[in-house]
Amino acid sequence: MKLKKATIFVILLGCTSLFSDMTYEAARSINGPFLETLGTSATTVGWVAGLGELLGYGLRIISGYWSDKTKNYWFITIIGYIINLISVPLLALAGFWQLAIALMILERIGKAIRTPARDAMLSFGANQMGQGWGFGLHEALDQTGATIGPLLVSAALLLRNNSYHTAYFILFLPAVIALSLLIFAKSIYPHPENLEIKTKALVTKGYPHLFWLYIIAIAFMAMGYADFPLIAYHFKSTHLMQDDVIPLLYSLAMACDGIAALLLGKFFDKIGIKILIVALIIALCFAPMVFLGNIQWAIAGMVVWGIGMGAQESIVKAIVAHFIQPEKRGTAFGLFNAVFGLFWFVGSAIMGYLYDVNITVLVIFSIAAQAISVIGLLSIAEKIQKQFLNINR
């Protein structure tokens, strides 16, 4: 019975994410081209994407700590979702790039507020299902919305003669649905921490040294992972594809993300960190494909990019949940995401600059940073695997 309740809880959070991702991932699929129409440069797009991720991840330290200290997971999650989602349709009113950038960054701040508390609650429900499968199932539902959203705005651009303001405005509806589902889930599960089966914790105090080594290894992956606004900017500025086609590529990537998250999550519960290393090696190839290839290579590159994103949003988080006991997970997710976001910001800013200077050097930088991540994970994989086996006995 408790397993059933936990599964329903994870699905409810997943459905909330489905509609929220339909909102803000749809916007992210067109943010790059939209900023280009407002007269921004690739350097600005890369800087904005990086700053948004820096704030969106860095502020999670505060949010995560506060959620653990107060145990008020729901309040923090709901406030964050409101800021996160309402910022998107307001982009329909942005007539100059400074306002658009402010709203895009505000959307990331909202996500920063709600994510650690939401992930902590998710880990409580996923505990009985298997952390890999629980996070993978949530990510699959999440990316279902991220697949539908770009299709929605692509249709709006096609039917409304590339009116970006109309495309943003229609995203108000899924935002309202997401918030309604979230409030419904709270009414049924007011204390989600009770869903977790109490077992021996992996550590009893502080954060283990191995946890920090893992964070640094994953951070280099973040540094080398180009954000979609820069990729979309490239597609538009090089006339590789039409405006209404660009969101379709993002939709394809999100579909691959969701499928990969399900499969990787299932494999992770069986074989551990090895599957993460395999996924990251595959993701290494996306940069030359999307930035140097023709349209066929770009499509294939977005598939690979989606696989890497699926790993980031499922098993990367599942490993964090394995490291840390329940009462400290909000803070742990906050710390992890802060470091992740800092490296993402630095990488995005560098890649935005390199795009304006030399695209080939951008590709080399992306591959090198991700390779460092893979090497770092390989160096600690055996120790992580031993802890993974111990906790699953």
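Tutor: In this predicted model, helix 5 (97–129) gives the largest share of the lining of the largest cavity, seven residues. Helices are DSSP runs of H or I with at least four residues, numbered from the N terminus. Residues are numbered from 1 along each chain; local features need pLDDT of at least 70, side-chain atom pairs count only at pLDDT 80 or more, and totals for linings use all residues.

Student: How much space lies in the largest cavity?

Tutor: Rolling a probe the size of a water molecule over the atoms shows where empty space is left. A cavity is a set of points on a 1 Å grid over the protein atoms alone where a 1.4 Å probe fits but cannot get out, and lining residues have an atom within 4 Å of a point. The largest cavity holds about 370 Å³. Of its 34 lining residues, Tyr57, Lys111, Met309, Glu313 and Lys317 are the closest to its centre.

Student: Which residues of helix 9 are buried?

Tutor: Buried means under 20% relative accessible area, and exposed means over 50% (1.4 Å probe, protein chains only). In helix 9 (residues 209–223), the buried residues include Leu210, Phe211, Tyr214, Ile215 and Ile218.

Student: Is leucine 93 buried or exposed?

Tutor: Leucine 93 counts as exposed because its relative accessibility is 67%. Leucine 93 is found in the loop between helix 4 and helix 5.

Conventions: Heavy atoms only, no water. Helix = DSSP H or I, 4+ residues; strand = E, 2+ residues; numbered from the N terminus. Expected span 1.5 Å × (residues − 1). 1 Å grid on protein atoms, 1.4 Å probe; cavity = no way out; pocket = protein on both sides within 12 Å on 5 of 7 lines; lining within 4 Å. Points joined across faces, edges and corners; volume = space filled by probe spheres on them.
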